[in-house]
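Colleague: I would like to learn how to read the features of a model like this one. Please give the general idea each time, then the case at hand.

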Amino acid sequence: MLLAMKMKGLVVFSTLALARPSSAFVAPRAIVGATGAERTENGVFLAETVVGASYEGPGKINSSIDLDSPKVVNNESVTCGKKGVYCRCWQSKTFPACDGSHMNHNEATGDNVGPLIVVAKAAVEDAETKREAVTDAGGSESVAFEKNPASIVASLWGMGGVLLILLDAFRRTLPGAMVPFRDGTFTPAQWLAYGAAVAVFTYGQGVKCLSCKLAPLVVKRSCLLTDYKKGQRTLINTLLAPVYAMGLISANKSRLIKSHSLVWGTTALQVALHRGWVLRNTGALLNIVNGGFCAGFGWGATSLAILSMKSILAGKTPEIDAGFSE
């Protein structure tokens, strides 16, 4: 009788194993005990768990880690400049951190599993963090800005408006500056004075004032007009972008004083020269001063145009204190 039961059980195992050659059959302990059968070389009897008759996929990967959870999920953070080494073989005793267990696994199975290495090279900023960083952009550092249609249009309006103002000043002083070349009445001493005026105005007004101070200020404030903290992105600032870019509105006290002094002082002098309120009937001296102003405005306008294009293409502002209002 006992011999018959063993033979019957063995026949059952043989039938099941032959029926599903594509997957390993795992026999319950009760059946194995009843038949007295031993595990075969082809892995017919592997463990206590029975693999369902419909299963044809690979074996279970995780055999020891957080088995009560429907899904193993780990959230890890890596400090900037550091690295994290994480397990991918599911054998680590310090999961999710790697403890080198993959080496024993690879040696035993011929596998080539290795760890996941994460290196944090820079802090990842979400939109709010980026907004806070731009809020502090009143410093002299260069700031990256988002290049989208709105920011590009606002930037071009702010920078382009100031460029038109400089070009208009250049246009107004150009006729007087060209008189010596057209009439040819200058003496050598007057030509020397003319050249000195052009050199002084080009360096003092064009380079030091417009190119090194006004142009970077205009570009930075224009580029950050739509990417700055709430309170700067107002309808008035957008409509008056050239005025805003020059720091005449929505700026701190120091910036307001400097910008208004520069803009209105230069404007008043230009109006006085154009109306003949100063240097009236001085002829050559007026032409010499116009020549200097013309050179200075021309240099400033060219610098602003070049810096504007460079900043838009690079997506970064110049390094200057933009003087944003608190």
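Colleague: What pattern does the protein follow along the sequence?

Modeller: Helices (H or I, at least four residues) and strands (E, at least two) are DSSP runs, numbered from the N terminus. Here the order is α-α-β-α-β-α-α-α-α-α-α-α, with 10 helices and two strands. This is a predicted model, in which local features need pLDDT of at least 70 and side-chain atom pairs count only at pLDDT 80 or more, while totals for chains, interfaces and linings use all residues. Residues are numbered from 1 along each chain as its sequence is written, and side-chain values use heavy atoms, with hydrogens and water left out.

Colleague: What share of the residues is buried?

Modeller: Buried means under 20% relative accessible area, exposed means over 50%, and partly exposed lies in between, with a 1.4 Å probe and protein chains only. Of the 326 residues in the protein, 34% are buried. Areas come from the Shrake-Rupley method with a 1.4 Å probe, and for residues only the protein chains shown count as cover. The accessible surface of the protein is about 20,000 Å², and carbon and sulfur atoms hold 62% of that.

Colleague: How much of the contact count comes from residues 24 or more positions apart?

Modeller: A contact means heavy atoms within 4.5 Å. Among contacts in the protein with a separation of 6 or more, 68% join residues 24 or more positions apart.

Colleague: Which residues of helix 3 are buried?

Modeller: In helix 3 (residues 101–109), they are Ser101, His102 and Asn106. Viewed down the axis of helix 3, the buried residues fall within an arc of 135 degrees, so they line one face of the helix. That arc is taken from the directions from the helix axis to the C-beta atoms. Met103, Asn104, Glu107 and Ala108 are exposed on the other side of helix 3. Just after helix 3, Gly110 has a positive phi of about 80 degrees.

Colleague: Which residues form the nonpolar patch on the surface?

Modeller: Patches are made of residues with over 30% relative accessible area and no salt bridge; like charges are joined within 9 Å, and nonpolar side chains (Val, Leu, Ile, Met, Phe, Trp, Tyr) within 5 Å. A salt bridge is a side-chain nitrogen of Lys or Arg within 4 Å of a carboxyl oxygen of Asp or Glu. Leu174, Met178, Phe181 and Trp191 make up the nonpolar patch, with about 360 Å² of accessible area together. Helix 5 (residues 149–183) gives the most to the patch, with three residues. Met178 is placed in helix 5 and is partly exposed, at a relative accessible area of 37%.

Colleague: How many aromatic pairs does the structure hold?

Modeller: Rings of Phe, Tyr and Trp (its six-membered ring) pair if their centres lie within 6.5 Å; planes under 30 degrees apart count as stacked, over 60 as edge-to-face and the rest as tilted. The structure holds eight aromatic pairs. Phe181 and Trp191 form an edge-to-face pair, 5.1 Å centre to centre with 65 degrees between the planes. That pair links Phe181 in helix 5 to Trp191 in helix 6 (residues 188–223), 10 residues apart. Trp191 and Tyr194 form an edge-to-face pair at 5.7 Å centre to centre and 70 degrees between the planes.

Colleague: Is Tyr194 buried or exposed?

Modeller: Tyr194 counts as buried because its relative accessibility is 7%, whereas Trp191 is partly exposed at 32%. Ring pairs link Phe181, Phe186, Trp191 and Tyr194 into a cluster.
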